[in-house]
2 protein chains.
Amino acid sequence: MATSRSGDRRTQADRRARTRSALLESAARGLSAHGYANLSLERVAGEAGYTRGALYHQFANKEELAQAVVEWVGETWRAEVGGPASAHQDPVEALCALARAHAVYCRRDIAGVMMTLQIEFSGRDHPVARALERNVRPLITEWGGRIAQARESGALPPGPPPEETASAYFGTLQGVTIALAGRAPHDVRLAEGAVRGVLGLPPAAPGEPVLTPPGRGAAP
Amino acid sequence: MATSRSGDRRTQADRRARTRSALLESAARGLSAHGYANLSLERVAGEAGYTRGALYHQFANKEELAQAVVEWVGETWRAEVGGPASAHQDPVEALCALARAHAVYCRRDIAGVMMTLQIEFSGRDHPVARALERNVRPLITEWGGRIAQARESGALPPGPPPEETASAYFGTLQGVTIALAGRAPHDVRLAEGAVRGVLGLPPAAPGEPVLTPPGRGAAP
DNA sequence: AAAGTAACATACAGACATGTACGTATGTGA
DNA sequence: TCACATACGTACATGTCTGTATGTTACTTT
């Protein structure tokens with residue numbers, strides 16, 4: 001007889017990794033849409049094609065699942081947004097590229113995970129809050145540093161303390177991308193405009209065409 | 001014996017209004033900090049100095065309480081932010097004044113109510129979601145109209161459709177103010193900068209002193 | 001001042017979600 | 001092929017929250 005599902009006949013480790021990914025993605029969607037408290041593990045498992053038994057076999061409890069989602073989202077963000085933007089030498093260009101890449105990244109339905117959890121756990125002492133802090137804090141320092149660097153070189157005008165400006169930068173970016181909910185193609189342009197305003201930059205020259213990478217667009 | 005609390009000896013209507021206000025404010029703080037699902041009515045009543053019995057005497061259920069909070073916050077916002085900003089004749093000046101006033105408004109601890117609920121109920125069919133829609137939708141149309149008006153007069157450069165730009169405007173504003181959590185005095189400047197960027201405006205002239213009205217500052 | 005009504009407290013029932021114990025199926029190594 | 005480990009499903013025990021029913025206190029009216 002054929003195996004239960006297509007391509008399921010694999011090694012144990014592979015099987016485990018497969019279901020773990022499915023559960024993580026389902027949990028990410030659920031967290032983004034409903035938040036932590038409203039997240040029903042039965043629905044998370046159900047939408048992934050499993051039951052709560054499988055979920056509790058992979059994750060110790062709800063907290064640990066949420067922490068794993070945070071780490072997973074953080075990794076994909078660094079791979080698709082943070083890393084490529086950091087590659088730019090010019091700090092100003094790096095900051096603008098980050099905003100554009102983030103807008104594209106947010107076209108997926110897992111964009112709200114970080115913002116939702118940050119709001120839900122802000123000011124609380126909770127393992128999930130610490131996981132968020134571990135993923136967000138380095139960004140503030142890294143990009144706050146680049147803001148300071150750009151100001152020293154005169155590429156950016158003076159302004160509030162770099163770390164505060166960086167906080168405003170990321171808050172702005174999250175706010176504008178969530179409000180637009182990934183409505184291409186204007187999301188990229190508006191995101192860049194918003195952060196340019198926070199940084200004290202004039203509007204971008206309208207000549208350069210807004211490049212819109214395939215944010216979960218239709219296949220081939 | 002003396003009455004239970006100071007100045008409690010009042011008429012029934014006054015007594016009712018008093019506890020209703022206390023419950024609303026407590027619920028607003030709770031919603032802002034923990035969201036709807038995490039909001040425990042026992043804690044809401046307790047922090048207001050009552051029990052759940054009083055709460056259920058004033059509000060039919062949790063939904064209605066949340067709706068009342070939304071209306072209450074909406075009213076105070078219109079009184080302190082939306083109304084004064086609308087009074088400006090020049091659309092651009094009105095849009096910038098709105099951003100500054102909103103930043104000041106958000107120095108209170110009830111600032112996150114709208115954003116939290118919007119995220120928690122986005123894309124759901126729920127009475128609270130409809131209450132939010134009723135309070136937010138008119139803003140998008142009103143201020144989208146002023147954006148269109150400013151573009152026609154040349155005060156604003158062309159951009160995405162006015163309603164989409166207005167969505168981005170408010171999302172940006174909420175994001176930047178929440179990120180700064182009302183940290184005066186830079187919140188006002190950064191909020192205005194962010195929305196100027198969304199609108200395609202150049203940075204504000206640094207000459208004019210940033211006016212910071214008393215956002216819950218210590219009394220004289 | 002006493003009856004009556006509104007405001008509020010307390011006690012209880014139902015729903016729902018988490019976490020655990022245990023059973024079953026599937027893959028792995030001797 | 002047989003013993004074992006891992007992946008997953010099912011059933012239950014526990015706690016927490018909402019909503020309701022009932023009792024008690026504060027005010028109003030006559």
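Chain A of this predicted model contains nine helices and zero strands, where helices (H or I, at least four residues) and strands (E, at least two) are DSSP runs numbered from the N terminus. Read along the sequence, the order of elements in chain A is α-α-α-α-α-α-α-α-α. Of the 220 residues in chain A, 47% are buried, a term that stands for under 20% relative accessible area, with exposed meaning over 50% and partly exposed the range in between (1.4 Å probe, protein chains only). Among the contacts in chain A with a separation of 6 or more, 67% are made by residues 24 or more positions apart, a contact being a case of heavy atoms within 4.5 Å.

Because the model is predicted, local features need pLDDT of at least 70 and side-chain atom pairs count only at pLDDT 80 or more, whereas totals for chains, interfaces and linings use all residues. Residues are numbered from 1 along each chain as its sequence is written, chains are lettered from A and ligands numbered from 1 in the order in which they are written, and side-chain values use heavy atoms, with hydrogens and water left out.

The arrangement of the two chains was examined next. Chain A can be laid on chain B by a turn of 180° and a shift of 0.0 Å along the axis, with an RMSD of 0.1 Å, the superposition being by least squares on the C-alpha atoms of residues with pLDDT of at least 70 in both copies. The two copies are thus related as by a two-fold rotation axis. Of the interface residues of chain A, 97% are also interface residues in chain B, so the copies meet through the same surface.

Gly171(A) lies in helix α8 (residues 162-180) of chain A and is buried, with a relative accessible area of 4%. Within chain A, the C-alpha atoms of Gly171(A) and Met115(A) are 8.9 Å apart, although 56 residues separate the two in sequence.

One cavity of 30 Å³ or more was counted, a cavity being a set of points on a 1 Å grid over the protein atoms alone where a 1.4 Å probe fits but cannot get out, with lining residues having an atom within 4 Å of a point. The largest cavity has a volume of about 120 Å³, taken as the space filled by probe spheres set on the points, which are joined across faces, edges and corners. Its lining consists of 15 residues, of which Gly35(A), Thr116(A), Glu120(A), Thr116(B) and Glu120(B) are the closest to the centre. The elements giving two or more residues to this lining are α6 (113-121) of chain A and α6 (113-121) of chain B.

Thr116(A) is also among the residues in contact with Ser32(A), as are Asp109(A) and Gly112(A), neighbours within four places in sequence being left aside. Ser32(A) lies in helix α1 (residues 12-34) of chain A and counts as buried at 13% relative accessibility. The side chain of Ser32(A) reaches the backbone nitrogen of Gly112(A) at 3.1 Å.

Finally, a cis peptide bond, with omega about 0°, joins Ala184(A) and Pro185(A), and another joins Ala184(B) and Pro185(B). Pro185(A) lies in the loop between α8 and α9 (186-199) of chain A.

Key
1 Å grid on protein atoms, 1.4 Å probe; cavity = no way out; pocket = protein on both sides within 12 Å on 5 of 7 lines; lining within 4 Å. Polar contact = N/O pair within 3.5 Å; in protein donor to acceptor, adjacent residues only side chain to side chain.
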